[in-house]
Amino acid sequence: MFVFTGDGHLSVQVMESNSKERTATAGAEQYSQGGYEASYGSYVVNEEEHTFTFHVEGALVRTLIGKDLPRRYEFKGDQLIVQSTRTDEHWRVIWVRY
């Protein structure tokens, strides 16, 4: 679940379908614990660059609290595709609007 509010707040919860927890590679951020990710905070969008920055105010993984996480986004139909802007992270998540 990925919730954006009109007043600049967001919340994200993800449970990985693979029960084995992934190990973060060197330099990559750890976002989940036990295959579950949950965080909330505020965001700012840069529409020109198709990015948003998520300022983490609370998270299951406490080392994320206080960090700014820049993300690239793209819309395709009912999908929101999000990926890290960091060169050491090679993931993307596709969210489907219901």
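In this predicted model, ring pairs tie Phe-2, Phe-4, Tyr-43, Phe-52, Tyr-73, Phe-75 and Trp-95 into a cluster. The count of aromatic pairs comes to 8. A pair of aromatic rings is described by two things: the distance of the centres and the angle of the planes.

Start with Phe-2 and Phe-4. Their ring centres lie 4.6 Å apart, with the planes at 50°. Planes under 30 degrees apart count as stacked and those over 60 as edge-to-face, with the rest tilted. The pair of Phe-2 and Phe-4 is therefore tilted.

Now follow Phe-4 to its other partner, Phe-52. Here the centres are 5.5 Å apart and the planes stand at 85°, so this pair is edge-to-face. The pair links distant parts of the chain. Phe-4 belongs to strand β1 (residues 2–4), Phe-52 belongs to strand β4, and 48 residues separate them.

Phe-52 has 4% relative accessibility. Buried means under 20%, so Phe-52 counts as buried.

Phe-52 leads on to the core. In soluble globular proteins, nonpolar side chains tend to be buried together. In this model, the largest nonpolar core has 15 residues. Phe-52, Phe-54, Val-56 and Leu-64 have the most contacts inside it. Which elements give two or more residues to this core? They are β2 (9–15), β4 (51–59), β5 (68–76) and β6 (79–84). β4 gives the most, with 4 residues.

Finally, look at Val-56. Leaving aside residues up to four places away in sequence, Val-56 touches Ser-39, Tyr-40, Leu-64, Ile-65, Gly-66, Lys-67 and Leu-69.

Note on methods. Residues numbered from 1 in each chain as written. Predicted model: local features only at pLDDT ≥ 70, side-chain atom pairs only at ≥ 80, totals over all residues. Heavy atoms only, no water. Core = buried A, V, L, I, M, F, W, Y, C linked by side-chain atoms within 4.5 Å. Buried < 20%, exposed > 50% of the residue type's maximum accessible area, 1.4 Å probe, protein only. Contact = heavy atoms within 4.5 Å. Phe/Tyr/Trp six-rings, centres within 6.5 Å; stacked < 30°, edge-to-face > 60°.
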